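I opened my notebook to look up how two chains meet. My entries follow the model.

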Number of protein chains: 2
Amino acid sequence: MTENLPEPEARGERDVAMSQLLGIRTSIDNIDAALIFLLAERFKFTQQVGQLKASHGLPPTDPEREKTQIARLRSLAVSANLDPAFAEKWFNFVVAEVIQHHTQTASKMSTEQGLQPN
Amino acid sequence: MTENLPEPEARGERDVAMSQLLGIRTSIDNIDAALIFLLAERFKFTQQVGQLKASHGLPPTDPEREKTQIARLRSLAVSANLDPAFAEKWFNFVVAEVIQHHTQTASKMSTEQGLQPN
């Protein structure tokens with residue numbers, strides 16, 4: 001990309017930019033660690049939900065609950081200046097994983113009880 | 001799913017389960033709000049990265065940096081008892097969005113400067 005550098009002093013400017021970049025990256029790394037630990041905590045709770053649902057014959061998905069969650073998260077995203085469409089896409093990505101876990105839990109528990117999975 | 005209820009007293013048990021479910025859901029909602037605000041903060045930083053990269057002709061992607069991030073997040077996931085494969089999939093999902101932003105920023109800044117986007 002050196003052909004894009006407009007000035008002779010660009011090398012020094014680029015070093016400053018790289019130094020700024022490294023500083024920002026340490027913040028991103030800290031945030032990512034926090035996100036991973038929060039996601040782990042979220043999955044601990046959804047695993048409890050999965051076990052409750054499976055042992056009481058409740059369906060793994062709950063479209064009404066998900067609709068409410070999406071509306072709330074979109075609204076929180078707007079207040080945080082985050083693209084609400086991304087927030088929804090991100091939520092759907094996480095929920096797809098959770099539902100997969102719930103279905104596996106239900107199937108496993110049904111097999112253990114000699115029942116067919118729904 | 002009522003045909004899966006094994007005992008006559010299952011209705012009462014199911015009410016208890018629903019009450020437990022509602023309690024867990026408030027925790028999930030709190031965690032989701034924290035996740036959204038952290039993601040918003042992460043995007044603020046990656047926007048700064050995107051602008052730095054674009055204005056200094058640095059490429060929007062950095063495969064070496066991403067490799068290091070994935071290895072670190074997988075290791076953090078293991079210590080948090082989160083599936084490391086999910087952590088990696090989740091990270092790739094977020095990074096795909098970030099790279100899209102960076103490419104748009106680079107393209108916009110190149111157009112403004114009369115340069116071709118890379």
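**Interface notes**

I looked up the buried area first: chain B and chain A bury about 5900 Å² between them, with 73% of it on carbon and sulfur atoms. Buried area is the accessible area (1.4 Å probe) that two parts lose on being put together, summed over both. B:I36, B:W90 and B:F93 supply 11% of the area that chain B buries against chain A, more than any other three residues.

I noted that this is a predicted model, where local features need pLDDT of at least 70, side-chain atom pairs count only at pLDDT 80 or more, and totals for chains, interfaces and linings use all residues. Residues are numbered from 1 along each chain as its sequence is written, chains are lettered from A in the order in which they are written, and side-chain values use heavy atoms, without hydrogens and water.

I checked contacts (heavy atoms within 4.5 Å). In chain B, 58 residues are in contact with 59 residues of chain A.

I searched for salt bridges (a side-chain nitrogen of Lys or Arg within 4 Å of a carboxyl oxygen of Asp or Glu). The rule finds 8 across the interface of chain B and chain A. One of them joins the side chains of B:D32 and A:R42, at 2.5 Å, N to O.

I then looked up symmetry. I read that a rotation of 180° with 0.0 Å of shift along its axis superposes chain B on chain A, RMSD 0.0 Å (least squares on the C-alpha atoms of residues with pLDDT of at least 70 in both). The two copies are therefore related as by a two-fold rotation axis. B:L35 has the C-alpha nearest the axis in chain B, 3.2 Å from it.
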